[in-house]
Amino acid sequence: MLKKAIIAIFAVAILAISNQADAQTYSTGVGLRAGVTNGLTVKQFLSYDAAIEGILHSRWKGLVITALYEKHKDIREFKGLNWFYGGGAHIGTWGRKSNPPFDEDRDYTVFGIDGIIGLDYKFEDAPVNLSLDYKPAFNLTDNVGWWGDEIALSIRFTFH
């Protein structure tokens with residue numbers, strides 16, 4: 001299931017790569033993110049095709065803040081649908097957990113880099129945005145390494 005979703009996201013991205021940056025259909029979106037981790041998301045466009053996204057999410061009894069820079073590209077065949085890619089960083093904590101991948105029953109501080117690729121759809125007649133993305137991360141601290149399991153769906157209320 002995870003592999004199929006990742007392949008679908010990448011396939012749409014490859015098909016759309018030749019399109020011009022014509023992406024922005026809202027300026028700010030605020031909402032909820034649900035997936036492997038759950039939390040809050042805020043996306044702010046800086047220009048017509050570039051946005052920053054902040055995510056506050058939980059995992060393993062901890063709290064992580066992620067900041068991302070994203071490039072948005074139009075998928076001309078589907079009005080309101082864009083694909084995006086980007087990267088950023090995260091910092092936070094994970095609570096005590098004694099089973100793998102953790103070595104010890106203690107709190108973990110996590111800091112690392114993130115990538116993101118996904119689809120972003122803005123409903124034409126409603127101030128609502130849906131986003132489906134794949135956000136792998138690599139933790140640079142506490143020996144917890146690569147996390148390639150994060151697929152999430154975000155729903156945001158949008159402002160112009």
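1. Is Tyr26 buried or exposed? In this predicted model, Tyr26 has a relative accessible area of 1% and therefore counts as buried, the cut-off being under 20%.

2. A polar contact at 3.0 Å joins the side chain of Asp120 to that of Asn129. Asp120 belongs to strand S6 (residues 108-122), and its relative accessible area of 0% places it among the buried residues.

3. Beyond its neighbours within four places in sequence, its contacts include Lys43, His72, Leu130 and Arg156. Trp83 is 37 residues away from Asp120 in sequence, yet the C-alpha atoms of Asp120 and Trp83 are 5.9 Å apart. Two of the residues in contact with Asp120, Lys43 and Phe84, also meet each other: Lys43 lies over the face of Phe84, at 4.2 Å from the ring centre.

4. Aromatic pairs number 4 in the whole structure. One of them is edge-to-face and joins Tyr26 to Phe45, with 5.2 Å from centre to centre and 90° between the planes. This pair links distant parts of the chain, 19 residues apart: Tyr26 is in the loop between helix H1 (2-16) and strand S1 (28-35), and Phe45 is in strand S2 (residues 38-45). Phe45 is buried, at a relative accessible area of 6%. The rings of Phe157 and Phe159 also form an edge-to-face pair, because their planes stand at 80°, with the centres 5.0 Å apart. Phe157 is partly exposed at 44% relative accessible area, as is Phe159 at 39%.

5. The count of salt bridges comes to 10. In one of them, Glu150 and Arg33 meet at 3.1 Å, N to O. Glu150 lies in the loop between strands S9 (146-147) and S10 (151-159) and Arg33 in strand S1, so this bridge ties together parts 117 residues apart in sequence. Both residues, Glu150 and Arg33, are buried.

6. Asp114 and Lys135 form another salt bridge, with the closest N and O atoms 2.8 Å apart. Asp114 is in strand S6, whereas Lys135 is in the loop between strand S7 (128-134) and strand S8 (137-139), 21 residues apart. Asp114 and Lys135 are both buried. Through shared partners, salt bridges join Arg33, Asp114, Asp133, Lys135 and Glu150 into one network.

7. A further salt bridge connects Lys71 and Asp49, whose closest N and O atoms are 3.1 Å apart. Here Lys71 is partly exposed, with a relative accessible area of 22%, whereas Asp49 is buried, at 14%.

Key
Residues are numbered from 1 along each chain as its sequence is written. This is a predicted model: local features need pLDDT of at least 70, side-chain atom pairs count only at pLDDT 80 or more; totals for chains, interfaces and linings use all residues. Side-chain values use heavy atoms; hydrogens and water are left out. Helices (H or I, at least four residues) and strands (E, at least two) are DSSP runs, numbered from the N terminus. Buried means under 20% relative accessible area, exposed over 50%, partly exposed in between (1.4 Å probe, protein chains only). Contact means heavy atoms within 4.5 Å. A polar contact is a pair of N or O atoms within 3.5 Å; within protein, one must be able to donate a hydrogen and the other to accept it, and residues adjacent in sequence count only if both atoms are side-chain atoms. Rings of Phe, Tyr and Trp (its six-membered ring) pair if their centres lie within 6.5 Å; planes under 30 degrees apart count as stacked, over 60 as edge-to-face and the rest as tilted. A charge sits over a ring if NZ of Lys or CZ of Arg is within 6 Å of the ring centre and within 35 degrees of the ring normal. A salt bridge is a side-chain nitrogen of Lys or Arg within 4 Å of a carboxyl oxygen of Asp or Glu.
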